[in-house]
Amino acid sequence: MADRIKIDELTTTLTKLKNGQTEFDFIGITSNGIDCIYFVYEKGKFNIEFESMVEEQTPFIDKLKEFAQMNELESVITTYGNQPHYPSLTPAPVIRIESNSTLEEVVALGRKIQAEIFQNNSTTVYDVVP
């Protein structure tokens, strides 16, 4: 069973990631399987990724790219080579928002993405993945 958190508990969850107390060097949060954003910790900084694995996620790639531009953040489209669960000749796209954030900055950014892009709020409950 996945850990379940509200956005106010994200700092505690990401502190575990920063301290190497998670299985991988990233964790994701999702309330419904569509709004899954991943927090990646590398070289002492956090970045955010979103992978379009199901068709309902595909419009959010462009929305997150626009979000990054509006917030003066670099973004790149990449892939991990995963085959999406929809008809596609190419691997699932991943948008990576290269914020190079501190813990506090990435928590604020994650909260803003969940609110503005996915219309989630402080009462939304998220599963922590993986």
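Ring pairs tie Phe24, Phe26 and Tyr38 together into a cluster. The model is a predicted one, and a search through the whole structure turns up six aromatic pairs. Take Phe26 and Tyr38: their rings sit 5.8 Å apart, centre to centre, with 75° between the planes, an edge-to-face arrangement. This pair links distant parts of the chain, with Phe26 in strand β2 (residues 26-30) and Tyr38 in strand β3 (residues 37-42), twelve residues apart.

A tilted pair is formed by Phe60 and Phe118, since the ring centres are 4.7 Å apart and the planes meet at 40°. Here again the pair links distant parts of the chain: Phe60 belongs to helix α2 (residues 58-70), while Phe118 falls in the loop between α3 and β7 (125-129), 58 residues apart. Phe60 has a relative accessible area of 13%, so it is buried. Phe118 comes out at 10% relative accessibility and therefore counts as buried too.

Turning to the helices, the axes of α1 (residues 10-18) and α3 (residues 103-116) come within 10 Å and cross at roughly 130°. The crossing of α1 and α3 is right-handed. On the α1 side, the contact is made by Leu10, Thr11, Leu14 and Thr15, which meet Leu103, Val106 and Val107 in α3. Sorted by class, this contact of α1 with α3 has five nonpolar residues, two polar ones and no charged ones.

Helix α3 also holds Lys112. With a relative accessible area of 31%, Lys112 is partly exposed, because that class covers what lies between buried (under 20%) and exposed (over 50%). Leaving aside residues up to four places away in sequence, Lys112 touches Phe67, Asn71 and Ile117. Lys112 and Ile29 are 83 residues apart along the chain, and their C-alpha atoms are separated by 14 Å.

What about a charged residue in a strand? Arg96 is placed in strand β6 (residues 93-101). At 12% relative accessibility, Arg96 counts as buried, because the value is under the 20% cut-off. Residues up to four places away in sequence aside, Arg96 touches Val40, Glu42, Asn47, Ile48, Glu49, Glu74, Ser75 and Val76.

Lys43 sits in the loop between β3 and β4 (45-51). Its relative accessible area is 86%, so Lys43 is exposed. From Lys43 to Ile117 the spacing is 74 residues in sequence and 27 Å in space, C-alpha to C-alpha.

Key:
Residues numbered from 1 in each chain as written. Predicted model: local features only at pLDDT ≥ 70, side-chain atom pairs only at ≥ 80, totals over all residues. Heavy atoms only, no water. Axes fitted to C-alpha atoms, helices over the stretch in contact; angles between N-to-C directions. Helix = DSSP H or I, 4+ residues; strand = E, 2+ residues; numbered from the N terminus. Left-handed = near helix turned anticlockwise from the far one by under 90°. Contact = heavy atoms within 4.5 Å. Nonpolar A, V, L, I, M, F, W, Y, C, P; charged D, E, K, R; others polar. Phe/Tyr/Trp six-rings, centres within 6.5 Å; stacked < 30°, edge-to-face > 60°. Buried < 20%, exposed > 50% of the residue type's maximum accessible area, 1.4 Å probe, protein only.
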